[in-house]
Amino acid sequence: NIHLKNLSIHQANNEEEALNLLFLGDTNRMIAETPMNQASTRSHCIFTIHVSVRPSGGSTLKKAKLHLVDLAGSERVGKTGVGGTLLTEAKSINLSLHYLEQVILALSEKGRHHIPYRNSMMTSVLRDSLGGNCKRP
């Protein structure tokens with residue numbers, strides 16, 4: 001089990017409710033101005049949709065999960081000239097993107113037994129979508 005700070009789970013009964021929840025989640029993202037970007041997102045955002053459907057007259061419940069992922073942008077720390085909290089955030093963003101790259105590269109290697117999902121919270125959360133049912137070439 002993974003513990004995510006400030007995670008919330010809501011039920012949406014229609015498309016409008018789901019979109020309102022998506023917009024609510026977007027307003028909770030950290031944004032800061034950097035020399036390279038006036039509105040730089042300082043965090044990744046994962047919006048997960050769980051869908052359950054029981055066809056009328058059927059007894060089988062079908063379930064699906066979809067992750068919508070908006071990644072914070074990678075920054076060249078030397079070019080931005082940021083310091084303090086923004087520097088710490090930039091390093092964290094870059095490191096998590098590096099871990100995502102490591103997972104994707106590991107999944108593409110034939111015969112690879114260990115995939116480093118646990119290196120970051122993001123790759124742990126996305127584990128079943130990144131490699132769960134994916135077929136390697």
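A residue is called buried under 20% relative accessible area, exposed over 50% and partly exposed in between, using a 1.4 Å probe and protein chains only. By that rule, buried residues make up 22% of the 137 residues in the protein chain. This is a predicted model, where local features need pLDDT of at least 70, side-chain atom pairs count only at pLDDT 80 or more, and totals for chains, interfaces and linings use all residues. Residues are numbered from 1 along each chain as its sequence is written, and side-chain values use heavy atoms, without hydrogens and water.

**Fold**
- The protein chain has five helices and four strands, taken as DSSP runs (helices H or I, at least four residues; strands E, at least two) numbered from the N terminus.
- Along the sequence the pattern is α-β-β-β-β-α-α-α-α.

**Largest pocket**
- A pocket is an open set of points on a 1 Å grid over the protein atoms alone, where a 1.4 Å probe fits, with protein on both sides within 12 Å along at least five of seven lines; lining residues have an atom within 4 Å of a point.
- The largest pocket holds about 2000 Å³ of space, the volume being that filled by probe spheres set on the points.
- Its lining has 41 residues, and those closest to the centre are Leu-4, Leu-7, Ser-8, Ile-46 and Phe-47.
- β3 gives the most to this lining, with eight residues.

**Surface**
- Leu-71, in the loop between β4 and α2 (77-80), is partly exposed, at a relative accessible area of 34%.
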